[in-house]
Amino acid sequence: MSAGLSDLDTGPGPLSHRLDTVALAESTSDVEQPYAELGLKSDEYARIRDILGRRPTTAELAMYSVMWSEHCSYKSSKVHLRQFGDLPRSEHLLVGIGENAGVVDVGDGYAVTFKVESHNHPSYVEPYQGAATGVGGIVRDILTMGARPVAVMDSLRFGRADAPDTARVLPGVVAGVGGYGNCLGLPNIGGELLFDECYAGNPLVNALCVGVMRHEDVRLAKAEGVGNKVVLFGARTGGDGIGGVSVLASETFDAEGPAKRPSVQVGDPFTEKLLIEACLEIFAADLVTGIQDLGGAGLSCATSELASAGTGGMHVDLDRVPLRDSTLTPAEILMSESQERMCAIVEPAKVADFLAVCEKWDVLATVIGEVTDGDRLTVDWHGERIVDVPPRTVAHEGPVYERPMARPADLDDLQADDPAALPRPETPEELTAHWLAVVASPDGADKTWVTEQYDRYVRGNTVLAQPDDAGVVRIDEQTHRGIALALDGNARFARLDPYTGAQLNLAEAYRNVAVSGARPLAVTNCLNFGSPEEPEVMWQFAEAVRGLADACRDLGLPVTGGNVSLYNQTGDVAINPTPVIGVLGVHEDVRTRVPTGWRAGGETVLLLGETRPELGGSAWASVVHGHLGGRPPAVDLGAERALGELLGALGREGLVTSAHDLADGGLAQALAESALRYGTGATLRLGDDAFTALFSESGARAVVTTTDPEAVRTTAEWAGVAVTELGTTGGDALAVEGVGELPLAELRAAWTATLPALFGAPEAAVGTVPAGTVPTS
Amino acid sequence: MRIGVITFPGSLDDVDAARAVRLAGGEPVTLWHASHDLADVDAVVLPGGFSYGDYLRAGAIAARAPLMREVVDRARQGMPVLGICNGFQVLCEAGLLPGALTRNSHLHFRNRDQRLRIERADTAWTSAYAEGQEIVVPVKNGEGRYVASPAELERLEGEGRVAVRYVGGNPNGSLRDVAGVTSEDGRVVGLMPHPEHAVEDLTGPSTDGLGFFTSVLKAVVAA
């Protein structure tokens with residue numbers, strides 16, 4: 001693909017060894033250009049010619065090709081995503097959709113910005129660097145808003161856990177997420193790790209970052225003030241990641257296609273750490289008027305977006321860009337996705353101070369241009385004009401498609417295939433065997449193998465982290481104010497019914513934040529789907545967006561931003577629709593946070609919410625029968641809201657000692673995790689239908705422990721939430737009346753063995769401390 | 001009592017170390033690697049992180065930072081110095097402590113709550129503990145495997161220079177389960193685990209780590 005570019009710049013042919021300037025483009029309008037190789041369709045190319053009134057130069061073509069890619073332009077998803085922008089404006093939303101990340105008021109003058117982004121395709125091609133730079137990119141988005149990044153999360157999906165390619169991809173991805181985040185000094189506070197055949201060849205790597213600032217410190221990506229300087233700072237520009245957004249993220253993988261590894265970026269977290277500290281010092285000294293990070297589409301994106309969002313005019317002298325590779329062509333420099341770079345708009349009088357801060361942190365900074373009057377973005381290469389475009393046409397007025405949609409032909413059959421017909425355990429022994437199987441399945445198993453590779457302590461404000469349901473971070477040491485975050489994305493539900501599935505995912509993340517005692521405030525999302533050119537995928541996408549928007553309206557939560565990842569398919573097999581939803585909540589006082597594990601015996605175990613016989617898309621059906629069919633659990637957002645309010649009240653009043661959300665694996669999974677966390681069992685009564693009690697995945701439920709069950713009942717009655725007493729904590733087993741005993745030792749052995757058995761257990765050589773068994777003296 | 005915390009490019013746990021100093025009752029003083037000014041501090045903490053990206057070898061470049069010359073000089077005169085994780089690596093590279101830290105035997109970064117035994121309760125940084133006391137603090141590193149030649153290990157054991165040892169599982173393959181060592185005079189201590197992450201019930205697995213920071217306040221008064 002870059003061969004196509006250099007042909008025009010330096011290669012043989014009618015333009016041999018000539019720089020493709022605007023003047024040349026005007027006089028050679030019939031030259032054939034390699035737009036298709038750059039991922040542009042013929043009508044898109046025609047539109048570019050129309051906008052410019054001539055053929056684009058090689059450099060202009062490069063800019064349009066990356067900015068009009070699916071990844072950057074959202075051309076297939078835009079018409080649907082508008083529903084998020086149309087939600088009623090929340091009083092908590094300080095900056096909405098459209099900026100690098102939304103900003104939410106969390107009280108006391110604090111603002112929080114958070115966003116989740118995919119790096120799926122690069123992570124399949126080169127797992128370590130793909131995942132690492134995914135973290136790096138989302139951290140820069142948060143930094144760009146003016147915030148100090150304070151934590152990260154990761155939501156990961158791979159093919160079958162025992163597939164050979166999963167053994168190639170997963171360890172690299174985990175090491176990459178850890179390697180980059182650890183080196184940046186950002187605690188990893190939670191996420192997901194799930195497996196499904198549908199992700200073979202299309203793993204999902206979604207990374208979330210959250211940052212904190214004061215209200216007055218919010219920064220925007222705008223180039224304003226004629227004469228202000230454009231400063232590029234951070235790493236040098238190299239040849240990595242060229243076409244990452246267009247040829248990698250916006251096309252379907254093809255087994256026969258050429259290797260795409262050169263399109264993957266390479267990360268240097270040390271440089272990014274310096275960039276973070278330099279930026280925060282620059283913000284504190286008020287040295288910038290606008291700022292943008294360089295991520296997908298690199299300089300093309302940063303310059304056109306800054307200019308487009310500002311007054312419109314900008315000039316860049318591209319030959320001033322510091323390079324790692326002096327042979328790069330201008331077009332390649334514009335498309336390069338080299339990491340750890342930022343672009344700032346700085347008043348001339350402040351440039352010296354700006355450069356001094358960069359020098360202190362050993363960050364390379366170069367003035368590459370300035371804000372101009374007029375409405376053109378112009379780029380020169382050694383004094384010759386190679387780009388002259390209206391920036392809005394590059395950044396914000398790309399193509400928009402109303403893609404055809406069709407309900408998947410197999411959906412009726414799938415929904416009719418009700419798991420109620422599946423054989424159920426007939427004896428107590430079978431029931432406990434199924435319980436053990438769900439808990440020990442790769443999805444249900446202990447995730448310590450992964451999370452031990454992540455630093456959860458750095459910065460000293462992590463109040464809860466994985467395996468708790470939500471990550472909780474203190475943001476003020478004096479007032480104890482803090483935030484809670486959860487990321488959830490059940491794709492089985494979304495496959496059965498994308499509208500309901502997206503709502504269930506939102507409900508789960510909402511519950512996970514609520515069980516920690518936090519008040520949910522805002523939503524972000526990462527929508528991972530197959531090819532938008534397939535009508536059935538487009539229908540799934542539209543349904544998921546509609547479901548999510550409707551549910552956000554019902555719950556009164558704004559969507560602050562998000563990310564769309566399409567083309568997650570190999571050949572004509574798309575992944576299950578995977579809308580990953582993040583919910584942010586606020587803790588007035590993190591000291592009242594509620595953990596998920598049982599610490600003490602003699603406490604009452606209560607189930608909040610109602611259980612219905614809902615097994616469609618359940619972990620039980622999947623693990624025990626390899627079955628996916630029926631309808632997902634019904635959504636009751638009123639019940640979710642009531643439960644959320646109840647959990648918040650119970651937390652604030654200190655009425656519960658633990659709370660655990662019920663989701664994948666239902667009560668069976670929640671009881672096991674609560675018991676195993678600190679090694680405290682329980683004696684339980686699950687009623688006449690222990691099977692449904694254990695494995696149903698009805699929403700709006702949580703299990704709590706308390707020393708004051710009457711007070712919990714009274715509060716629950718006020719909130720309108722049903723309460724069922726399940727039993728009492730204590731002992732070293734989960735003992736269920738009429739079913740039998742599941743010794744914690746056996747449960748723990750099964751639960752902890754799964755991932756090490758699959759991905760290596762090096763600790764065996766030097767002894768191991770099982771999770772949750774370290775005595776805290 | 002002024003306790004300096006040095007920030008190198010890539011230091012990460014400097015804010016945590018400063019907090020631990022404050023919670024212990026000391027006054028944390030921010031020190032910058034490129035300066036030659038120790039700002040009249042009474043003791044110094046080298047925090048965890050990835051100084052200079054851990055390029056070349058972990059701690060190797062930081063050990064040659066301008067401020068480290070003053071640290072080495074003052075340490076030789078008895079100023080207490082604590083190196084945590086990357087700080088331990090820096091102290092070994094700077095020649096203030098024996099041995100070296102290499103890639104974990106299992107090749108993974110590992111973060112867990114770790115049981116440790118205090119082997120020496122008479123150093124400037126461990127006097128708040130009892131000899132043989134077991135504590136739990138987080139460990140988190142990718143290059144934390146303590147190594148030294150067999151002869152040197154014998155000498156260190158003989159001289160009682162192993163200050164802290166892993167118990168209940170060795171997280172990184174360190175020889176003889178060594179988690180931390182001390183200088184001959186007991187003023188310089190380096191360890192891979194992170195006591196600064198165990199100073200508050202709210203955020204740590206325990207408050208067992210606070211003892212390192214209260215110890216030094218007494219040591220400075222006594223000196």
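**A tour of two annotated sites and one interface**

Start by selecting Arg140(A), which sits in helix H8 (residues 127-144) of chain A; helices (H or I, at least four residues) and strands (E, at least two) are DSSP runs, numbered from the N terminus. The model is predicted, so local features need pLDDT of at least 70 and side-chain atom pairs count only at pLDDT 80 or more, while totals for chains, interfaces and linings use all residues. Residues are numbered from 1 along each chain as its sequence is written, and chains are lettered from A and ligands numbered from 1 in the order in which they are written.

Show its contacts next: beyond four places in sequence, Arg140(A) touches Asp293(A), Gly295(A) and Met342(A). Contact here puts the two C-beta atoms, placed from the backbone, within 7 Å.

An unreviewed UniProt entry lists Arg140(A) under "binding site", along with others including Ser118(A), Asn120(A) and Ser565(A). UniProt positions follow the numbering used here, feature names are shortened, and annotations may be inferred rather than shown by experiment.

Move to Ser565(A), in strand S18 (residues 559-565) of chain A. Ser565(A) counts as buried because it has 26 C-beta neighbours inside 10 Å. Leaving aside residues within four places in sequence, Ser565(A) is in contact with Ser118(A), Asn120(A), Cys526(A), Leu527(A) and Asn528(A).

**Chain B: the active site**

Select Cys85(B), His194(B) and Glu196(B), which UniProt lists as "active site" in an unreviewed entry. These residues are spread over 112 residues of sequence but cluster in space, with a largest C-alpha distance of 10.8 Å.

Cys85(B) is in the loop between strand S4 (81-84) and helix H3 (86-93) of chain B. With 30 C-beta neighbours inside 10 Å, Cys85(B) is buried. Apart from residues up to four places away in sequence, Cys85(B) touches Gly48(B), Asn141(B), Met192(B) and His194(B).

Glu196(B) lies in the loop between strand S11 (188-191) and helix H5 (210-222) of chain B. Glu196(B) is also buried, with 33 other C-beta atoms within 10 Å.

**Where the chains meet**

Finally, display the contact between the chains, which takes 37 residues from chain B and 34 residues from chain A. On the side of chain B that touches chain A, the elements giving two or more residues are helix H1 (14-24), strand S6 (110-118) and strand S7 (134-141).

Definitions and conventions. Buried ≥ 20, exposed ≤ 12 C-beta atoms within 10 Å, placed from the backbone.
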